[in-house]
Amino acid sequence: MTTKPDLSGNRQLGDKAFGGLAIGAAALVLLILALIAITMTNRARPVLGHMGLDFFTSSKWSEHDNIFGALPFIWGTVYTAAIAVVLAVPVSIGVALFITQIAPPWLKRPLVYLIDLLAVVPSVVFGLWGVLMLAPHLNRSFLTAGIILAIMIVPIITSLAREVIETTAQSDKEAAYALGATRWEMINAAVIPHAKGGLVGAVMLGLGRAMGETIAAALVIGSSAQIALNPLKSGDSMPAVIANQWGEASDLQKSALIGLAVTLFAMTIIVNLVASRIVQRSMQKTRGA
Amino acid sequence: MKTWIAILASSTALFAVSCKKGEDKGTPKMTEGSDKGAMKPEPSGPVSLSASGSTFQKAFEEIAMDSFMKSHPDIKLTYGGGGSGKGRQDLADMVVDFAGSDSKYKDEDKAKIKGGDVLYFPILLGGITVSYNVQGADNLNLSPDTVAKIFQGDIKKWNDPAIVADNKGAKLPAEAIVVVHRADGSGTTDNFTKYLDTASGGAWKLESGSTVDWPKDTQAGQGNGGVAQIVSSTKGAIGYVDLSDAKAAKLHYANIKNKNGKFVEPTADSASAAGDGIDVKDDLTFSALDAKGDAAYPITYQSWVIVYAKQADPKKGAALKQYLSYLIGDAQKELPGLDFAPLPKSLQDKAVAQLAKIQ
C-alpha cells in the first residue's frame, strides 16, 4: 500500500452513512421510549377506569375486593429513596472531595476503581446481604431498604461529584490559598460554590436510581402496604410490588401493577430530566467561565 | 468501514427486537409445526413438551420427568415454574403444552383460553403447615379460629388464653407473636386463607386470595423458603409454609384441629387421608381443604396438570398422554419421599379414565 487512497470521495460517503446512523440510533431510542410509554399506559387504562384518581390517593390494595390504591407504594418508594439519599450524600461527597483534593496521587486511582467496583455488584447480592445481616436487627423495613439503596447509589453520586469538583479552576483554589485559607476554607469558598449545581444534579440522579431499584428493595422492605414515618416499620415500594405480585396477579391486578410501573416511569423520568438539566447548566456555567 | 457495517448490523438487530417488543404480546406464539402429513398417532422421532406453572408441584415434576425421559429417550420434557397463574396464562396463550396449577381457571378467564376445552388431572396433595418459633412449645395444638385470630392480629401474645386452652400444661411465654406471610402472590396464600375463611367459623375477617391485605406489623418473605427463613430466625414468629420447606428448615409446626375435632399433625399420610374425604366434581376439580375424616390434616391442598382436550399435533398428544399416565400412575410412589401425598385410589382411577378424553 504505497499509493495514497482517495480520501475525499470515501469521506463524503462515510460522513453521510455515519450521520444517518447517528440520527437513526437517536430516533430509535426515542421510538423505544415512546412505544414503552404508549403500551404501558394503554394497559394501565382498565385500572384507571376502575379506580379513577383514587388509584393515586387510596391506601388500600386488595386483590379480593378489586381495590387498588398505590399511595402506600408511592410513599414507600419516595421514603426509602429519601433515606438512601440522606445516608449516601455525605459519604459520596466526602469521598469525592477526598479523592480530588486530599488523597495523594498514588491513592487516587485505586480509590476510584474501588468505588466504581461497588456499582457492578448485582443488586440481588446487596439484597440478600440485607436479608441476612441487616434484617435480623432492623427488621425488613424502610430503614433496611434505605441503607441498601444508599450503598447502591454511592458510586453514581461519587463519580459524578468527582467530575464536577475536578472542574474547579486551579486559579480559584490558589486564590483562596493565597488569601490564607486553610484546606477546608478553600473547599468551602472555592470548590463547593463552583460545584453546587453539579452536586445537586448528581444527588438527583442517585435519587432516580434508588427509586427504580427492584430486587434489593423487594427482598428487604417487608412487603406491607402501609404508610408510616417510623423507619423500622415494614413498607413496600412500587418496583418491589410489581416484582412480587406479577406472577399470580388477576387481570385487573395486572393492570394495576402496570399502572404502578407507569407512575414509577413518570417519576423517574421527571427526576432524571431535572437532574440532567441541573448538571448540564452547571457544567456550561463553569466551563464558560 | 468494517466497523460501520458491524454497527449497522447490530443496530438493525436492535431495531428488530424493539419492533417485536412493540407488538401486542397477546398474539399466540404457536411453535407446533403442522408436521407434513405424518398423522400417525404413535410418536416416531423426537417430541418435546414444555410446561410452566405451580412451584408447588415443581419438585415432583422434575423427578418424574427425569425418570420418564430415561425410559422414553424420544420425548423431551421441561417444566418451568413461575407460579400457577403464569402456568394458566401460558396454556391459555398456547405457549406451553401443559400447565401446572393449584387452582382452576376462573370463570371470567375462560373466554381467553385459545385452544378450546381443557382437562384437569389431579396429580398430588400436600399440607400447608402452621410453623412457629417459640421456646418451650414443641408440639402446639391450634384450632382454626385461633389460627385465624393470630394471623389477623387479634391474638398478640403466645400466652393468650385461646392458645393456652388448646395446650393444657404447655409453658407458653408472654412473648409477642410475629406473623410472617408471603411477599409474592402465591397459591399457598390462596389456599391457606381460603381454609381460614371456610373453617374458622366466621373468625377470619381478612380476605382470601393469592395476595392479601395483611395487618401492618407483619413480616413477609419470598416463596415458602423465604417465609421459613424468617420464622426460623425470628423469636415468636409464626408463618404458613408448605410441608417440605418446613421440614427442610427444621421448623416446629402445629397440629391443627380438623373437621372431626381431632388435632392432626401435617404429614404425607394425613394429607392423603384428607384426599379420602373430599367431594370430586365431574371435571376432577375439588378442594381438599377442611376435609372430613379423623386422620385428615385440614390444611391440605392439591395440584393439577391442565391440558387441552384437543391436541393439534397428534405426536405431541400421544407423548402427553404417555407422560400423564406415568404421572398419575407409577410416579405417584415418589411423592411421600418429597413430603407430598399420593392421590387416593378412587381419584386416581377417575384420572386414568379421563386420559381417554385427550384427542
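A residue is classed as buried if 20 or more other C-beta atoms lie within 10 Å of its own. In this predicted model, Asp339(B) has 21 other C-beta atoms within 10 Å and is therefore buried. Asp339(B) sits in a loop of chain B, between helix H10 (314-327) and helix H11 (345-354). Its backbone is also of note. Phi of Asp339(B) is near 65 degrees, a positive value in a residue other than glycine. Most residues other than glycine have a negative phi.

A positive phi is also found at Leu284(B), again in a residue other than glycine, with a value near 65 degrees. Leu284(B) belongs to the loop that runs between helix H9 (268-276) and strand S12 (300-308) of chain B. Its surroundings place Leu284(B) in the partly exposed class, because 16 C-beta neighbours fall inside 10 Å. The cut-offs for that class lie between 12 or fewer neighbours, which is exposed, and 20 or more, which is buried.

The contact between the two chains was examined next. Chain B contributes 32 residues, which are in contact with 29 residues of chain A. Three elements of chain B each supply at least two residues to the side that touches chain A: helix H1 (2-22), helix H3 (84-92) and strand S7 (219-221). Of the side of chain B that touches chain A, H1(B) gives the most, with nine residues. By class, this side of chain B holds 18 polar residues, eight nonpolar residues and six charged residues.

Methods
Residues are numbered from 1 along each chain as its sequence is written. Chains are lettered from A and ligands numbered from 1 in the order in which they are written. This is a predicted model: local features need pLDDT of at least 70, side-chain atom pairs count only at pLDDT 80 or more; totals for chains, interfaces and linings use all residues. Two residues are in contact if their C-beta atoms, placed from the backbone, lie within 7 Å. Helices (H or I, at least four residues) and strands (E, at least two) are DSSP runs, numbered from the N terminus. Ala, Val, Leu, Ile, Met, Phe, Trp, Tyr, Cys and Pro count as nonpolar, Asp, Glu, Lys and Arg as charged, and the others, Gly among them, as polar.
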